Amino acid sequence: MNERFGDRAKWAVHVPFALVLLVAAIGFLRIAMHAWREGSMLLSLALLLAAAARAFLPREQVGLIAVRSRTVDLILYGGFGLVLLAVAVTIVGGPLDF
């Protein structure tokens, strides 16, 4: 019985990484469809999601999101996410033009 639940725990480690990859893939798809601002916002959301997962989940549960130390990962994921969000907001034209 214990082995059965152990397999489920092994797959649970990959859920945060898969979620980040899914959001990033949708972002790249939106960019390919010429929705630059929307796609860039989704990519920044993926990076900020990775930063949040790295901040709140233990190392054993974040899987491949944990590349470096927690501090460096938070600074890089969060920093790049915020910079990309700033770029996405300043893109001129596109479907969210205001």
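**Figure 1. Confidence along the predicted model.** Confidence in the protein is lowest in helix H1 (residues 2-12), with a mean of 60, and highest in helix H2 (residues 15-32), with 95. The score is pLDDT, the predictor's confidence in each residue, from 0 to 100. Over the protein the average pLDDT is 86, and 85% of the residues score at least 70. Helices (H or I, at least four residues) are DSSP runs, numbered from the N terminus. Because this is a predicted model, local features need pLDDT of at least 70 and side-chain atom pairs count only at pLDDT 80 or more, whereas totals for chains, interfaces and linings use all residues. Residues are numbered from 1 along each chain as its sequence is written, and side-chain values use heavy atoms, with hydrogens and water left out.

**Figure 2. The loop residue His34.** His34 is found in the loop between H2 and H3. This residue has a positive phi of about 70°, although it is not a glycine. With a relative accessible area of 57%, His34 is exposed. Exposed means over 50% relative accessible area, buried under 20%, and partly exposed in between (1.4 Å probe, protein chains only).

**Figure 3. The salt bridge of Glu38 and Arg30.** The structure holds three salt bridges, each defined as a side-chain nitrogen of Lys or Arg within 4 Å of a carboxyl oxygen of Asp or Glu. In one of them, the side chains of Glu38 and Arg30 meet at 2.7 Å, N to O. Glu38 is partly exposed, its relative accessible area being 27%.

**Figure 4. The salt bridge of Arg54 and Asp73.** The closest N and O atoms of Arg54 and Asp73 are 2.8 Å apart in this salt bridge. Arg54 belongs to helix H3 (residues 36-56) and Asp73 to helix H5 (residues 70-90), so the pair ties together parts that are 19 residues apart in sequence. Arg54 is buried, at a relative accessible area of 2%, and Asp73 also counts as buried, at 0%.

Figure 5. Arg68 is partly exposed, with 32% relative accessible area. Through shared partners, salt bridges join Arg54, Arg68 and Asp73 into one network. The charged end of Arg68 sits over the ring of Tyr77, 5.9 Å from the ring centre. A charge sits over a ring if NZ of Lys or CZ of Arg is within 6 Å of the ring centre and within 35 degrees of the ring normal.

How values were computed. Helix = DSSP H or I, 4+ residues; strand = E, 2+ residues; numbered from the N terminus.
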